[in-house]
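Have the sequence and the structure open as you read.

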Amino acid sequence: MQRAINIDGGWNKSWRSNCPEGSRRGSIFFVVLWTIVLLAIFAVSLGHRVQQKIRFVNRLEDKNKVYLIALAGVNRAIAQIKAKKKEYPEYDCLKDTWSSNPESFREIPAGEGKFSISYSHRSWENGDVLSRFGAIDEERKINVNKAGREMISFLFQRQTGFDRTQADEIATAIIDWRDADSKNSPLESIEELLLIKSIDEKTFSRIKDYVTVYTDGKININTVEGLVLVCLGLKEELADKIIRFRRGHDSIEATDDDNAFSAISNIISDLHQFCELSQEERQNLSNLISQGLFTVCSENFMIKSQGKLDGRDEYCKIVCIFRTQEGKIVYWQRQNLGLASETLS
Ligand SMILES: [Ca+2]
């Protein structure tokens, strides 16, 4: 027992002599300091993560808000189309409220931002790009599932600079594509043209505003652009007379004084009252009418709605096609800033 006490007492003595009180306090202070530093680092890291999550949630909220703003634009356009169809179902033309209506479609406040519905088109005279606030009827375009080889070929010759042989080859490829020999079904979207040989992004960009897959193939003579009239087989001078008839006295398209063909049976007589038609022009127009190429009504409307939040860069663009007969959307594409587009069917 005496030995044990001596040994223990000796150890305590040795430890105290090696670890003086000041040194022990220093060690504790050092541990506490490191703990504080580590806690501070953890707190900063946690704060950074929380900030990131807050920013992410805010971005999701902005994305949702701006989508709803663009959606409000789509609903506004559909309401205008339905109202016009209910009030004047006989024919559709460019002075309709769905077609040219800056008061309803330009920078319209909605929620925390604004929406606009607009599209660009080219001047018949000089090809300048012009803007209009409204929707676009698909019946002004060539249906690539219905059009003949010559019509498609002519569109590619006029718009892409391809010569007759190259354009004929593309037209043949499109017709083969939609025939039973290959795909066994019509094109489901105009973007499907990009899968066809010789049609790259550049070529597609030059013809995409003139083609559709959503109509029955008939062209609305009240809304069609001059280029498409020529592709149908009208002489340029006759296409020009139709465009000038539609513009009315002010010679400006889509204004209140515009003229419109109220029925297919009135096309030649209405045009003849406006300007002189040669026998050849009458025959030219009569041939196309008898082939059933024209209509005066539209049933499918493309709406391009862009929503934007006030004071922020976030925006959302919706492109859709509304079919009035069935009262439903037949095409839907939504695109947010910096994000890949998603396509819904
Ligand atoms: Ca006019």
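Q: How do you know that β5 and β10 pair?
A: Two strands count as paired if DSSP finds at least two bridges between them. β5 and β10 are joined by 2 bridges, so they pair, and they do so in the antiparallel sense. Asp-137 stands opposite Phe-301 in β10. A word on the source: this is a predicted model, where local features need pLDDT of at least 70, side-chain atom pairs count only at pLDDT 80 or more, and totals for chains, interfaces and linings use all residues. Residues are numbered from 1 along each chain as its sequence is written.

Q: Which other strands pair with β10, and over how many bridges?
A: Strand β2 (residues 113-117) pairs with β10 over 5 bridges, antiparallel, and Gly-113 has Leu-309 as its bridge partner. Strand β11 (residues 315-323) is joined to β10 by 9 bridges, also running antiparallel, with Cys-320 as the partner of Ile-303. β10 and β11 form a hairpin with 5 residues between them, and Gly-311 in the turn has a positive phi of about 75 degrees.

Q: Why is β10 called largely enclosed?
A: A residue is buried if 20 or more other C-beta atoms lie within 10 Å of its own, exposed if 12 or fewer, and partly exposed in between, with C-beta atoms placed from the backbone. In β10, 8 of the 10 residues are buried, so the strand is largely enclosed by the rest of the structure.

Q: Why is Lys-141 called buried?
A: Lys-141 has 28 C-beta neighbours inside 10 Å, and the cut-off is 20 or more, so it counts as buried. Lys-141 sits in the loop between β5 (136-137) and β6 (142-143).

Q: What does Lys-141 touch?
A: Not counting residues up to four places away in sequence, Lys-141 touches Tyr-210, Val-211, Thr-212 and Val-228. Contact means that the C-beta atoms, placed from the backbone, lie within 7 Å.

Key: Helix = DSSP H or I, 4+ residues; strand = E, 2+ residues; numbered from the N terminus. Contact = placed C-beta atoms within 7 Å.
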